[in-house]
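Please have the sequence and the coordinates at hand while reading.

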Amino acid sequence: MKVARKQRLILIALMVIGASVATAFALKSFNENLMYFFSTTDVVAGKAPKDALFRLGGMVVKGTVKRPDKGMMVRFTLTDFSKEVTVEYTGILPDLFREGQGIVAHGKLNNQGVFIAEEVLAKHDENYMPPEVKASLKQKATAEGKIKQ
């Protein structure tokens, strides 16, 4: 094999290896930043990860919003009208947050099964419901035979 041809072959091999390493880093980064959505039924059934961030959506149960002390911590319960999950959030809640409305919270479960939220997102008008929550509620209603497909 001639020297020029050998050098080209080595250059091509290095480019393929470089592209493979870059692709591996991109996929690893993408996978670490994925945040899946789970309904309260999924969380109670144990389908949600215990050690990773995920989104939890549902309706805030009326009468469950409590502020245990004078701090910024708020405790409330979310439901998909089947199962309920307790959520704790420390921070300022969105202005539109209230009981009986749909929200999506980002966070993770603690060892007691309480969802520790890092961020709480509330709906912005009367007709809006997060798509994940709407699909989860529709799936639940369909399973119970309340909605015909």
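This is a predicted model, in which local features need pLDDT of at least 70 and side-chain atom pairs count only at pLDDT 80 or more, while totals for chains, interfaces and linings use all residues. Residues are numbered from 1 along each chain as its sequence is written, and side-chain values use heavy atoms, with hydrogens and water left out.

Helix α3 covers residues 131–143, where helices are DSSP runs of H or I with at least four residues and strands are runs of E with at least two, numbered from the N terminus. Its buried residues (under 20% relative accessible area, with exposed over 50% and partly exposed in between, 1.4 Å probe, protein chains only) are Val133, Ser136, Leu137 and Ala141. Seen down the axis of α3, these buried residues fall within an arc of 130°, so they line one face of the helix; the arc is that of the directions from the helix axis to the C-beta atoms. They pack against β1 (37–39), β2 (54–60) and β5, whereas the face turned away carries the exposed residues Pro131, Gln139 and Ala143.

Phe76 touches, among others, Val60, Val85, Phe97 and Val120, not counting residues up to four places away in sequence, contact being heavy atoms within 4.5 Å.

Gln101 lies in the loop between β4 (84–90) and β5 (102–109) and is buried, with a relative accessible area of 1%. Its side chain takes part in these contacts:

| Partner of Gln101 side chain | Distance |
|---|---|
| Arg98, side chain | 3.1 Å |

Terms used
A polar contact is a pair of N or O atoms within 3.5 Å; within protein, one must be able to donate a hydrogen and the other to accept it, and residues adjacent in sequence count only if both atoms are side-chain atoms. The expected span of a helix is 1.5 Å times one less than its number of residues.
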